[in-house]
Amino acid sequence: MHASILKYFAAVARSGSIRKASEELHVATSALSRQIKKLEDELGMPLFERLPDGLRLTGAGRIVLRHARETLQDYEVMRGELGDLAGKITGRIPIACLDSLAITFMPQCLMDFNRNHPAVDFRIRTENYARIFGLLTDDDVDIGITFDIARPGDVRLLSSVPMPIMAIVARNHPLARMKTASVEQCAQFKLLLQLDNDVTSWMFSLELGALERHARALVSSNNQMMLKPLILSGNGVAFYTPMGFYEELKAGEVVALPISGLRNEMARLGVMVPRTRKLPYASEVMAGFLADRLAIFARTIEEIVVR
């Protein structure tokens, strides 16, 4: 089967939708639909169930998806080996990371890596910490950057750095004058809380329960970019790692306070890869590059926070 058809099929299987896959691939919906129908006709059986809420793989579809992933992965490995023969790093590198890393860290890393390796392109997804593990184990990405909490056995940690949850406030907020803050002290002010954040819940689940009973949440959202203007305006206290506030911390627009009483020594951010799958050469090089850059980024943030 042709590689492009397998690529189309894998994208539809991943998204569960012809429309979403067409947007991802920049291919017309009608053309993508024809390719999937052509593949089903060639194999003589349906690969998807057509449901009201989207497409779901049939038993045959799951077998084809396994073959498609293995073939596409082998193809990327082959491209990398050919590039190595030619003395350059080539291919596509799929990466999943936390959305806070997509603000400053990842864009700078991608620009710097591409400057030295212009034949490489990237596919970047932002997800919550647990979903990144799923993308690694399902072979949807080659590299994941997420918190090292309850890591599956088939995911290998390359390196990790400490990255605590902190109280983030504007420089003119009353808490900004303090060296540390307890959850109770934060609860005296309006809170800007994250929705559906398993890491925050794991870090201080008991404290969050007390906050829900005694504190007032001004806004709760799963979008950090939506909460950031509210933090900068001094309208509340948020609980985040400082990595999504690098520029604001450097400019002195916000202050990151250690939260007393938390298990912050357990919070580590890591670069991870699949344990059982050979990565394309470009992804191997990029994983090492990201590990080195993450260590530098963490040290820089620590210096800014403690100054």
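This is a predicted model: local features need pLDDT of at least 70, side-chain atom pairs count only at pLDDT 80 or more; totals for chains, interfaces and linings use all residues.

Q: On which side or sides of H2 do its buried residues lie, and what covers them?
A: The buried residues of helix H2 (18-25) are Ile-18, Ala-21, Ser-22 and Leu-25. Because they cover an arc of only 100° around the axis, they are on the same side of H2. An α-helix has 3.6 residues a turn, so residues three or four places apart point the same way. What covers the buried residues of H2 includes H1, helix H3 (29-43) and strand E2 (54-57).

Q: Which residue caps the N-terminal end of H2, and which residue follows the helix?
A: After H2 comes a residue with a positive phi, near 60°, and this residue is His-26. At the N-terminal end, a side-chain oxygen lies 3.2 Å from the backbone nitrogen of Arg-19, and the capping residue that supplies this oxygen is Ser-17.

Q: Is Asp-142 buried or exposed, and with which side chain does its own side chain make a polar contact?
A: Asp-142 is found in the loop between helix H6 (129-137) and strand E5 (143-147). Because its relative accessibility is 5%, and buried means under 20%, Asp-142 counts as buried. Leaving aside neighbours within four places in sequence, the residues in contact with Asp-142 include Pro-94, Leu-136, Met-272, Val-273 and Pro-274. The polar contact of the Asp-142 side chain, at 2.9 Å, is with the side chain of Arg-277.

Q: Which elements give two or more residues to the lining of the largest pocket, and how much space lies in this pocket?
A: The lining consists of 26 residues, of which Lys-7, Leu-72, Glu-76, Arg-92 and Arg-123 lie nearest the centre of the pocket. Two or more residues each come from helix H1 (3-15), helix H2 (18-25), helix H4 (59-85) and strand E3 (91-97). The space in the largest pocket is about 670 Å³.

Q: How many residues in the lining of the largest pocket are nonpolar, polar and charged?
A: Lys-7, Glu-76, Arg-92 and Arg-123 are among the lining residues nearest the centre, and Lys, Glu and Arg count as charged. Over the whole lining, the residues divide into 11 nonpolar, 3 polar and 12 charged.

Key:
Residues are numbered from 1 along each chain as its sequence is written. Side-chain values use heavy atoms; hydrogens and water are left out. On a 1 Å grid over the protein atoms alone, a cavity is a set of points where a 1.4 Å probe fits but cannot get out, and a pocket is an open set with protein on both sides within 12 Å along at least five of seven lines; lining residues have an atom within 4 Å of a point. Grid points are joined across faces, edges and corners, and a volume is the space filled by probe spheres set on the points. Helices (H or I, at least four residues) and strands (E, at least two) are DSSP runs, numbered from the N terminus. Buried means under 20% relative accessible area, exposed over 50%, partly exposed in between (1.4 Å probe, protein chains only). A polar contact is a pair of N or O atoms within 3.5 Å; within protein, one must be able to donate a hydrogen and the other to accept it, and residues adjacent in sequence count only if both atoms are side-chain atoms. Contact means heavy atoms within 4.5 Å. The arc is that of the directions from the helix axis to the C-beta atoms.
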